[in-house]
Amino acid sequence: MEKRMLSPQEVADATIKAAEGKTKLNFIQTFLLGIFAGVFIGFGTHGYLTVTQTLGNIDVGLSKLIGASVFPVGLMLVLMAGAELFTGNNLMTIALVDKRITFKSLSKNWIIVYVGNFIGSILLAYAIYKSGLYSGDNIKNLAISVGEAKLSLSFHDALIRGILCNMIVTLSVWFATAAKDITGKILAIWFPIMLFVLSGFEHSIANMFFLPIAKFVGLESTWLNIWLNNLIPVTIGNVIGGGIIVSGVYYLTYILPNKRTKKS
């Protein structure tokens, strides 16, 4: 009988192989797929804001729950339609520690993808702003309120929320890698990502939509303040959570023991 999912050991091996493939993409491929990922996550973020403001007058808790259930479509599009997302690519450090890719190739991927994610996010935010979809007071006020809340976080708070967020995001990617059919992948993405949204954690790429759309509709903040007060600490936290904690634990438990066994 065919296995319905990969074991954690097989997922670790598949993650390393995927990281090797990512470093072989040329600049144009990486950049365009990075832009697409920013757009995809932005779609999910816009969906969250739209649902939340629509149902907010009925029940705040229910609106947040349904909004969080819409948000995961962004990562579904990234993993199944194909795109390069910075936070998911933090898992590439497993391949780096395993000496299957170089620090130079990892850094190149992360930088190109991060810039692409930002461009995609801000292009979508501007397009939606110009479309008039945020002309209503309810959604405009919600976007500004969310932006203000994110910029009010201390560096410490934003950092820790970023760590916790990308632990869940990379675990969701790991979970989806284990699934062998599209239904399994959807479920593997849906529940963990919904959890991080409900928990109030901070995702750097989602914030690349949240904060620009808020600024476009009236948030009083400079771009420098957006980067210093949120995007930079959250990005650092995301790297720690996904690129060091999750990647490090799974390298030590699934990859390193096999290397030692082979040597002996």
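The structure holds 15 aromatic pairs. Rings of Phe, Tyr and Trp (its six-membered ring) pair if their centres lie within 6.5 Å; planes under 30 degrees apart are stacked, over 60 edge-to-face, and the rest tilted. The model is predicted: local features need pLDDT of at least 70, side-chain atom pairs count only at pLDDT 80 or more, and totals for chains, interfaces and linings use all residues. Residues are numbered from 1 along each chain as its sequence is written, and side-chain values use heavy atoms, without hydrogens and water.

Phenylalanine 71 and phenylalanine 196 form an edge-to-face pair, 5.6 Å centre to centre with 90° between the planes. Phenylalanine 71 lies in the loop between helix H3 (60-70) and helix H4 (73-82), and phenylalanine 196 in helix H10 (residues 182-199), so the pair ties together parts 125 residues apart in sequence. Helices are DSSP runs (H or I, at least four residues), numbered from the N terminus. Phenylalanine 71 is buried at 6% relative accessible area. Phenylalanine 196 is also buried, at 4%. Buried means under 20%, exposed over 50%, and partly exposed in between (1.4 Å probe, protein chains only).

Tyrosine 250 and tyrosine 254 form a tilted pair: 5.7 Å centre to centre, 35° between the planes. Both lie in helix H12 (residues 223-263), four residues apart, about one turn of the helix. Tyrosine 254 is partly exposed, at 24%.

Ring pairs also link Phe86, Trp110, Tyr114, Phe118 and Trp227 into a cluster.

Terms used: Helix = DSSP H or I, 4+ residues; strand = E, 2+ residues; numbered from the N terminus.
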